[in-house]
Amino acid sequence: MRIAVKLRLILTVLVCFVAVPRVTQTVFAQQSARLAPADILIMHAKVYTLDPAKPWAQAVAIRKGKIVAVGRDEEIEKYRGIGTKWIDAGGKLVLPGFTDCHVHFISGSIGLSHVLLEGAKNVAEIQQRLRSYAQQHPDEPWILGRGWDYAMFAPETLPNKKYLDEIFPDKPVFLRGYDGHTSWANSKALALAGIDKNTPDPANGQIVRDPLTGEATGALKERASSLVQKIIPKPDEVAKLRALRSGIKWANQNGLTRVHSAGGDFEELALYDELRQENQLTLRFTIAYFQDPPELRKEDVDAIEAARKKYHDAWIDADAVKFMVDGVVESHTASLLAPYSDDPSKMGALFWDPEKYKAAVAEFDKRGLQIFTHAIGDRGVRTALDAYESAEKGNHTKDQRDRVEHVETISSEDIQRFGKLGVIASMQPLHANPDDDTLNVWARNLGPDRASRAWIWNTIRAAGGRYAFGSDWPVVTLNPWMGIQTAVTRQTREGLPKDGFVASQRLTVAQAVEGYTIGAAYAGRREKTEGSIVVDKAADVIIVDRNIFEIEPHSIGDTKVVVTIVGGKVVYEAEEK
Ligand SMILES: [Zn+2]
């Protein structure tokens, strides 16, 4: 989406050099007799700990991957010893490492080398980007990319193959929308996939057709995308590892120390493990099994049980299952309790039969797995809450921290259920960026009443519910700073709309930071070991170039990370100017 600014943001981060704190080794021992020396000291900082008992400090000592002391400079200096790495933060802000609670990591990482259409304003600009990408990559057999949004194709709000055929008559082109729910193929790609007039729609998918001729237009909704996707040559293991390394680097550079994968990474668990063996895993991963409809099968249970037995530590954890009960608002696939406002013939069907979904949720709940359910429409959200409620009742389980992913709109009646049931609202602030796509497609499709409950994290919080934040990368950038800005301002980067988009949902900076730190750790069942700067917790800490609590909120998005520490190791340092 949502973001005319995404690409610009990425470029800014890439080209900007920022002043960095000095990192030096001490050459002499100064340690106190009683204190074991630290591996790293961060001194002269403004440390926002997220520890309610002691929210601010000046310095942090780290040893063997953990935080061993937090306090005033003179207290922490006592931990200095031979070989202690000394980081003078120069008054900069220190925060716990950030968790992104919703990513598709391998897909985002591979996409780093594809054409990006984010921020393009219209078809002409898209064609221009595709042409120059093709010129730079003449040997690529396919043109692959992502990031177009529905508003680029106003008033139809769906892409058409003709725009691609004009420039690529012979080369297959396949471009996913920014949200990953709709794809855009040219005639060559459709032909290679064998899609013609007579091809039936797959389950939970639609080949969009010309109303007059019945020909495929090139727009493929939901599962119909896989008809083309499956014939695209797959990257081999070497290419995937290369992509993951750059994805991890990119994440560390943005201040992330953990991600929760919501689909697409379970199949790659062995690759993550390989990176760990090679000492290259500098990001912690929670990886969910993707449970497809129509029902739970024995092989699903076997797969997830085998994986969680093998991967259940602080670096790779496969203790979660992801469901999707509906699609997205823009293409009328999000499931609603009442018809869409712009097209009353549609309500968005659930991807699951509610009873089969409920049964599958109950089975995983009984096994103690954590459940993530993608639910965007109010009917989708209710379906997920109903299943969680019935599973905990039936199994006598509690504190499972099951999650509804996205919650873009919600029935007023369901708001207090998050708090009551202990279900977490896992939301993506940048999806609420009030750009063209949000205001002119999303809000139009829902109508004013439902759009008045757009991404209402503050109301859910006030009603006793917990929220956690993420990006849904590669749907939007995984850079979390623009997410914080959006949660705080409910405005675009340009400050629009003037009064804010459902401005009652604005959070304070501290509340927005919680969504990426202690709230995210809670949402990953890891608040005892991660998410705040507290003695004995994992040493996942970042230093940033500005104090986001004090600056004008519209520049929070420009924040640069200068140092990222994961598990007590410096994994990213900005280049010194
Ligand atoms: Zn997602």
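Author: One cut-off comes before the rest. Angles from 65 to 115 degrees between two axes count as roughly perpendicular, and angles under 35 degrees as roughly parallel. Keep in mind that this is a predicted model.

Reader: At what angle do H8 and H9 pack, and how far apart are their axes?
Author: The angle is about 65°, and the axes lie 11 Å apart. H8 and H9 are therefore roughly perpendicular to each other. H8 passes H9 in a right-handed crossing. From H8, the contact uses Glu237, Lys240, Leu241, Leu244, Arg245 and Ile248. H9 supplies Leu271, Tyr272, Glu274 and Leu275.

Reader: How many residues does H8 have, and what span does it reach?
Author: Compare the span with the expected value. H8 covers residues 237–253, which is 17 residues. From first C-alpha to last it reaches 24 Å, close to the 24 Å expected at 1.5 Å a residue.

Reader: Which residues of H8 are buried?
Author: Buried means under 20% relative accessible area. In H8 the buried residues are Lys240, Leu241, Ala243, Leu244, Gly247, Ile248, Trp250, Ala251, Asn252 and Gln253.

Reader: Now a second pair. How do H16 and H17 pack?
Author: Their angle is about 135°, with the axes 9 Å apart. That makes H16 oblique to H17. H16 passes H17 in a right-handed crossing. On the H16 side, Gly483, Ile484, Ala487 and Val488 make the contact. On the H17 side, the residues are Val509, Ala512, Val513 and Tyr516.

Reader: Is H17 mostly covered or mostly open?
Author: Mostly covered: 6 of its 8 residues are buried. These are Val509, Gln511, Ala512, Val513, Gly515 and Tyr516.

Reader: What do the buried residues of H17 pack against?
Author: Several elements. The strands are S8 (93–96), S9 and S22. The helices are H15 (457–462), H16 and H18 (518–523).

Reader: On to the metal. Which protein atoms are donors of the zinc ion?
Author: The protein donors are His102 (NE2), His104 (NE2) and Asp472 (OD), lying 2.1 to 2.2 Å from the zinc ion. Their spacing in sequence is H-x1-H-x367-D. Histidine 104 is in the loop between S9 (98–103) and H3 (105–111), and aspartate 472 is in the loop between S22 (466–469) and H16 (481–489), so the pair ties together parts that are 368 residues apart in sequence.

Reader: Are histidine 104 and aspartate 472 buried or exposed?
Author: Histidine 104 counts as buried, at 18% relative accessibility. Aspartate 472 is buried too, with a relative accessible area of 7%.

Reader: Next, peptide bonds. What is omega for the bond joining alanine 154 and proline 155?
Author: Omega is about 0°, and the bond is cis. Proline 155 sits in the loop between S11 (143–148) and H5 (162–165).

Reader: And what is omega for the bond from tryptophan 473 to proline 474?
Author: That bond is cis as well, with omega near 5°. Proline 474 lies in the loop between S22 and H16. Aspartate 472, the zinc donor, is in the loop between S22 and H16.

Reader: Back to phi. What is the phi of tryptophan 455?
Author: About 45°, a positive value although tryptophan 455 is not a glycine. Tryptophan 455 lies in the loop between H14 (436–451) and H15. It is buried, at 0% relative accessible area.

Reader: Where is valine 502, and what is its phi?
Author: Valine 502 is in the loop between H16 and H17. Its phi is near 45°, positive in a residue other than glycine. At 18% relative accessibility, valine 502 counts as buried.

Reader: One last residue. Where is glutamate 552?
Author: In the loop between S23 (541–544) and S24 (561–566). Glutamate 552 counts as partly exposed, at 48% relative accessibility. Glutamate 552 and glutamine 127 are 425 residues apart in sequence and 37 Å apart in space, C-alpha to C-alpha.

Definitions and conventions:
Residues numbered from 1 in each chain as written. Predicted model: local features only at pLDDT ≥ 70, side-chain atom pairs only at ≥ 80, totals over all residues. Heavy atoms only, no water. Donors = N, O, S within 2.8 Å, 3.2 Å for Na, K, Ca; no water. Helix = DSSP H or I, 4+ residues; strand = E, 2+ residues; numbered from the N terminus. Buried < 20%, exposed > 50% of the residue type's maximum accessible area, 1.4 Å probe, protein only. Expected span 1.5 Å × (residues − 1). Axes fitted to C-alpha atoms, helices over the stretch in contact; angles between N-to-C directions. Parallel < 35°, antiparallel > 145°, perpendicular 65-115°, else oblique. Left-handed = near helix turned anticlockwise from the far one by under 90°. Contact = heavy atoms within 4.5 Å.
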